[in-house]
Amino acid sequence: MQKDTKPLLSVRNLRTSFFQDEGTTKAVDGASFDVSPGKTLGIVGESGCGKSVTAQSILRIVDRPGRIVEGEIVLTRADGSQVDLVKLKASGPEMRSIRGGEIGLVFQEPMTSFSPVHTIGAQLVEAILLHNAVGKKEARRRGIEALRSVGIPKPERRIDEYSFELSGGLRQRAMIAVALSCDPRLLIADEPTTALDVTTQAQILDLLRKLQRERGMAIMLITHNLGVVAEMADDVVVMYLGRVVEQGSVDEIFHDPKHPYTRALLQSIPSIESVPRLKLATISGSIPHPFNRPTGCPFHPRCVSSIAGRCDKEVPILQDVGEGRRVSCFLYQ
Amino acid sequence: MTTARAGKSVLLDVKGLKKYFPIRRGLLQKTVGLVKAVDDVTFFLNQGETLSLVGESGCGKTTTARCVLRAITPTAGQVLLMDDGEVLDVATVPKSRLASLRRQMQMIFQDPFSSLNPRMTLLDIVGEPLLVHGVGNVQERTDRVVEMLRLVGLRPEYMRRYPHAFSGGQRQRIGIARALALNPRLVVADEPVSALDVSVQAQILNLLLELQERLGLTYLFVAHDLSVVKHISERVAVMYVGRIVETAPTEELFASPKHPYTEALLSAVPIPDPRLRADRIILQGEVADPANTPPGCHFHPRCKYAQAVCREKTPVLEEIAPDHFVSCHRARELSLRGVAPSTA
């Protein structure tokens, strides 16, 4: 969201829908945001807000029957040239060199994202061979180095183990090693610590911060945990039902939230810092089913500041409200 | 730690609870080792209060909760439930008396999707405990279901519907209605909000607090999320590899922890405020394997304050301040960092 540097990745009006027999699910419905080089962008939202599908769209791995309907995903490559990922063929050579090469991905569930019948090493070496012109021996050496750099003890031995032989924390480290083995400039981490315990989560977040410092890569951190975002992100994008409702710097989002959804979300979380046994503020109702999207602003049925006759009819657009802040709400238009 | 504190009566008193699972190998299924899931756990629960068991996965908190309900039979120890002046040991009571005991102890489950039978209507689900315990006739049971659904904030008109028609938060309400249908005194809630979205989590936490006030319920709350635990409980027991390392009133535990593991656990929780990015204590290594526990204090290989004695002697749970129990050789000399009390 800085104006002086070219964003590393610029997503504009992205729409990804799933075409099923029962109807069309608009998983991502007009999302726009930028990722600055070397910075961490936090994408926050509850289930069904489209945060994971956004990540899948960027990497062009949206499963059928889903596809990108509209929008641009512009990546600035290392040589300064720009490429629109939406226009590339999903399985073409250029996209394949970007996916896993320039953009690395860490999934939520390290148990299911590794193959149980191949060793960690085989999967790591495969990624290295695919993106680098090196021999098998060199690839294995780099693989061991990658495991060491993410803090896995005895990497020479671990490389020949299977994913089920590792603990949750080590498996997530191995996953990060695979993602980082080709030196990506952008790392997309989709709920990287959700399946882990707090102390392990602290280890992994610390590791991500250290690796970012060393390599200067950008991180797009997707999570529902506001604590993790507050801790890690430079900029934050808040999503609700496939749309970006608000974006700004992490301090502005947490200390001066503008959108009613962001405000309600922040008030509804119990914090380790807060007073015990006080009644929590809640957001009434629950997240609508994607087939039943409300008309107008998708948040209006649950919104305390909803304007009758406007919010239920018109769809607000994401507008600049100064200093890189953008809000999609009629209260600010 | 079995004495009742001033003005409060103890409802549940757990003493020396152990649950070992045998590891069997080979053709003859010989026992080659023991997983000490719960290893000498002692705590009590006052009438009308909430005690949370916290800890990381594999620390034995769920096993402890299941032993309390005798969903599994403990290897050793006592689970004393006060029943109208009579003291019953849930761990050893004969099977014939178990049914009447279970009317007083009910459970709320973690996953609202797998804990409700998709082929039963709400009426069947919430009415099932009444049916099992032979309460009332059809009309009385239906009335009770209507009452329960209202209590948890669901519309009674929905009682002929199936669980798939409801969202996660609503399903968790159904689970709560089922648990409360028999008017239990003790409710064991195993991670009741961890599968829910944040905005729905707050609704369910509020509901649990509200029901406790209205019905005088006693909660044994099992959770890993410390912010949730802080919000809901009066007292907290921290577990690590099958043992309780610290028990204290909630505010005291968070403000001045006395066990190094509690300190590290509190420090690891990310705080939703970017201005409070603090130095985290990053624990080295991994949680010990309960099948092959280290000698002495289970936490010593990861503890930065560990000394020779920690490797040799197992510490015992000691009361170092009123209601504050710690199992650490160095509890009295260490000054540990807690979470600053909020100004909000």
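## A cis peptide bond in chain A

A:Pro65 is found in the loop between H1 and strand S4 (66-76) of chain A; helices (H or I, at least four residues) and strands (E, at least two) are DSSP runs, numbered from the N terminus. The peptide bond that leads from A:Arg64 to A:Pro65 is cis, with omega near 0°.

This is a predicted model, in which local features need pLDDT of at least 70 and side-chain atom pairs count only at pLDDT 80 or more, while totals for chains, interfaces and linings use all residues. Residues are numbered from 1 along each chain as its sequence is written, and chains are lettered from A and ligands numbered from 1 in the order in which they are written.

## The four-stranded sheet of chain A

Four strands of chain A form an open sheet in the order S2-S1-S4-S5, with antiparallel pairing; two strands pair if DSSP finds at least two bridges between them. Strand S2 (23-35) and strand S5 (82-84) of chain A are at the edges, each with a single partner strand, so one side of each has no neighbour in the sheet. From one strand to the next, the twist averages 10°.

S4(A) and S5(A) are joined in the antiparallel sense over three bridges, and A:Leu75 has A:Val83 in S5(A) as its bridge partner. H1(A) lies across strand S1 (9-20), S2 and S4 of chain A, at about 75° to S2(A); angles run from 0 to 180 degrees between N-to-C directions, and axes are lines fitted to C-alpha atoms, for helices over the stretch in contact.

## The eight-stranded sheet of chain A

A mixed open sheet of eight strands in chain A has the order S6-S7-S8-S3-S9-S10-S12-S11. Its edges are strand S6 (103-106) and strand S11 (319-320) of chain A, each with a single partner strand, so one side of each is left without a neighbour in the sheet. Helix H1 (residues 51-59) of chain A packs on this sheet and touches S3, S6, strand S7 (186-190), S8 and strand S9 (235-240) of chain A.

Strand S3 (residues 40-44) and strand S8 (residues 218-223) of chain A run parallel and are joined by five bridges. Opposite A:Gly42 stands A:Leu221 in S8(A). H7(A) lies across S6 and S7 of chain A, running at about 170° to S6(A).

## Packing of H4 and H7 in chain A

Helix H4 (residues 120-131) and helix H7 (residues 168-180) of chain A pack at an angle of about 20°, with their axes 9 Å apart. H4(A) and H7(A) are therefore roughly parallel to each other, a term for angles under 35 degrees.

The residues A:Ile120, A:Gln123, A:Leu124 and A:Ala127 of H4(A) meet A:Ala174, A:Ala177 and A:Val178 of H7(A); residues are in contact if their C-beta atoms, placed from the backbone, lie within 7 Å. This contact has six nonpolar, one polar and no charged residues, where Ala, Val, Leu, Ile, Met, Phe, Trp, Tyr, Cys and Pro count as nonpolar, Asp, Glu, Lys and Arg as charged, and the others, Gly among them, as polar.

## Contact between the chains

The contact takes 39 residues from chain A and 41 residues from chain B. On the side of chain B that touches chain A, two or more residues come from each of helix H6 (198-215), helix H7 (226-232), helix H8 (250-255) and helix H9 (260-268) of chain B. H6(B) provides the largest share of that side, eight residues.

## Positive phi in chain B

B:Gln29, in the loop between strand S1 (10-25) and strand S2 (30-46) of chain B, has phi near 55°. B:Gln29 is exposed, with 9 other C-beta atoms within 10 Å; a residue is exposed at 12 or fewer such atoms, buried at 20 or more, and partly exposed in between.

How values were computed. Contact = placed C-beta atoms within 7 Å. Parallel < 35°, antiparallel > 145°, perpendicular 65-115°, else oblique.
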